[in-house]
Amino acid sequence: MDPQIGIESAHFYTKKVSDLHYRGLITCNGQTAVHQVAKLMARERVSCVFITDLKDNIEGFVTDITLRDRVLANNLSPSIAVEKVMDTDIFYIDKNALLYEALLQMFQSKIRYLLVKEGHHFVGWISRTKIMTEQYQGPFIFIQSLKQALDVEELVQKWRLVPVMVHQLVEKGIRAQIINQIVSTVTDTITQRVIEIQIHEIGPAQANFVFIVLGSEGRGEQTLKTDQDNAIIYEDKANEKRELVRTYFLDFADRVSTALDQIGIDFCKGDFMAKNPKWTHSLSHWKRNYENWIQESTPETMMKYATFFDCRAIYGDYGLLDELRNFMDEQLKNPTEKFFINLGVNALQYEPPLTFFKRNIKTFDIDGEAHFNIKKAMTPIVDLARAFALKHRIFEPNTGKRIAALSKIGVFSEKETRELSHAYYYLMALRLEKQAMQIIQNGQKPVNYVAIKQLTKVQVVTLLEIFKVIKDFQLKIKLEFTKNIF
């Protein structure tokens, strides 16, 4: 992908320093030992600490590079006073100055950091990297800026930029699967940063854990209409610590989900979230969940299994999810017969929107206009790829990669693989395009409904052929899983 693809901030040259989320001052006395300063930087996740005298006046600063070049490189003792290695050239800028002025001052003075001044007082500091991310909002630099976000409010503002970025990527002809990966990475990064912020506020976790994402995010197929689907797996602890650990994680999960909802990643309507006590548990409890879902195998448990099969780890001890997957692999070697029947039934709950004779798209009216639900039109492809992946114990969560893996073992022919992949990503590209336009042009929340009148004749014909292809593949599901009971 061309790294130059991105969004130039049209307002960069009118933005003030005060518009930027600058960091509060992290300070310490000049007599503080270097190793204590390093510990402070690690705890606060900063690359710069300012040094004060006995009257709390700033007299210098140290950075991670200072510690590397002046302490480690010279084999100095970590116990020496930080004032012996600090930089004393202090540069600052008024909070009402323009951002580009701050950036020019940094380049001219060959510095990476500026103190921010309000009246006679220093109120924070900004870095050159932080300002650069405001000037250029390409996908990769944008993602890096998310990692540096100071608080939830900054993430709220960043999330508002995503539709514009997606629209420009669609306009430039970037493939839908790449855009999916970018949107999913953006959401992952926001979630990771929220987790870090919450842990910083409430203290370290009481046990090793892994935060997993489910559904479309778990598959790496997110669009702009997205909600939360997540869960927590934590390590088993001795009985006397069990309640303490659980209390911590339930509070932590509630904080994370509430922050994500504030940012714009809505609460899951089906309540498949870690804040729901049903979906935050120890590893042993999760193993029992999966075992019961396979053994009981009702339509309801099949829906849960399908949701939690599409999962990825994004934070914490990934080994916990690996262990759970190994357990799932063993369980799937000898499932009950009704498990596969219910799996097939679950994969057939949505049909492509075709009229009876397959000559037109089946629609419904919204305010007198004909629409179809593009998410439901895509769901059969997601479901059939998952069904065959489960049967063949393929644990790749992404639909496109599942189809490719199934093709390698002969489940799908080369032609079937091309048809499925082209169909899925054509629908995904159309979905992303329409959602971005709903936000940018109409100022509306994105939906999964597409108005027929907004489509060209070529698009309508293409959609009809895609829906026919999906219909044919659903026959394959019926024969393979339900023994043609329909």
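The model is predicted. Its largest pocket has a volume of about 1,600 Å³, and a search of the whole structure finds two cavities of 30 Å³ or more. Helix α7 packs with α17 and also with α8, while α8 has a further packing with α6.

**Largest pocket**

- The volume of the largest pocket is about 1,600 Å³, and 49 residues line this pocket.
- Nearest the centre of the pocket lie K225, D227, D229, K375 and N448.
- Two or more lining residues come from each of α6 (152–159), α9 (215–219), α10 (239–263), α12 (299–309), α15 (374–391) and α17.
- Helix α15 is the top contributor to this lining, giving seven residues.
- The lining of the largest pocket comprises 19 nonpolar, 14 polar and 16 charged residues.

**Cavities**

- The largest cavity holds about 60 Å³ of space.
- Strand β5 (residues 113–118) gives the most to the lining of the largest cavity, at three residues.
- Eight residues of that lining are nonpolar, none is polar and one is charged.
- The second largest cavity has a volume of about 40 Å³.
- Lining the second largest cavity are T187, T191, F211, V213, E217, Q228, D229, N230, L260 and I265.
- The elements that give two or more residues to this second lining are α8 (176–202) and β7 (209–214).
- Sorted by class, the lining of the second largest cavity has four nonpolar, four polar and two charged residues.
- D229 lines the second largest cavity and is also among the residues that lie nearest the centre of the largest pocket.

**Packing of α7 with α17**

- The axes of α7 (residues 162–171) and α17 (residues 414–440) come within 9 Å, crossing at roughly 135 degrees.
- That angle makes α7 oblique to α17.
- The crossing of α7 and α17 is left-handed.
- On the α7 side the contact involves P163, V164, V166, H167 and V170, which meet L432, E433, A436, M437, I439 and I440 of α17.
- By class, the contact of α7 with α17 has nine nonpolar residues, one polar and one charged.

**Packing of α7 with α8**

- Helices α7 and α8 pack at about 165 degrees, and their axes are 11 Å apart.
- The two helices are therefore roughly antiparallel to each other, the cut-off for that term being an angle over 145 degrees.
- The crossing of α7 and α8 is right-handed.
- V162, M165, V166, L169 and V170 of α7 are in contact with I179, I182, V183 and V186 of α8.
- This contact of α7 with α8 has nine nonpolar residues, no polar and no charged.
- V166 and V170 of α7 meet residues of α8, and V166 and V170 also meet residues of α17.

**Packing of α6 with α8**

- The axes of α6 and α8 come within 11 Å and cross at roughly 170 degrees.
- Helices α6 and α8 are therefore roughly antiparallel to each other.
- From α6, V152, L155 and W159 take part, meeting V186, T187, I190, R193, V194, I197 and Q198 in α8.
- Seven residues of the contact of α6 with α8 are nonpolar, two are polar and one is charged.
- V186 of α8 meets residues of α6, and V186 is also in the contact of α8 with α7.
- T187 of α8 is in the contact with α6, and T187 also lines the second largest cavity.
- Helix α6 is one of the elements that give two or more residues to the lining of the largest pocket, as is α17.

Note on methods. Residues numbered from 1 in each chain as written. Predicted model: local features only at pLDDT ≥ 70, side-chain atom pairs only at ≥ 80, totals over all residues. Heavy atoms only, no water. Axes fitted to C-alpha atoms, helices over the stretch in contact; angles between N-to-C directions. Helix = DSSP H or I, 4+ residues; strand = E, 2+ residues; numbered from the N terminus. Parallel < 35°, antiparallel > 145°, perpendicular 65-115°, else oblique. Left-handed = near helix turned anticlockwise from the far one by under 90°. Contact = heavy atoms within 4.5 Å. Nonpolar A, V, L, I, M, F, W, Y, C, P; charged D, E, K, R; others polar. 1 Å grid on protein atoms, 1.4 Å probe; cavity = no way out; pocket = protein on both sides within 12 Å on 5 of 7 lines; lining within 4 Å. Points joined across faces, edges and corners; volume = space filled by probe spheres on them.
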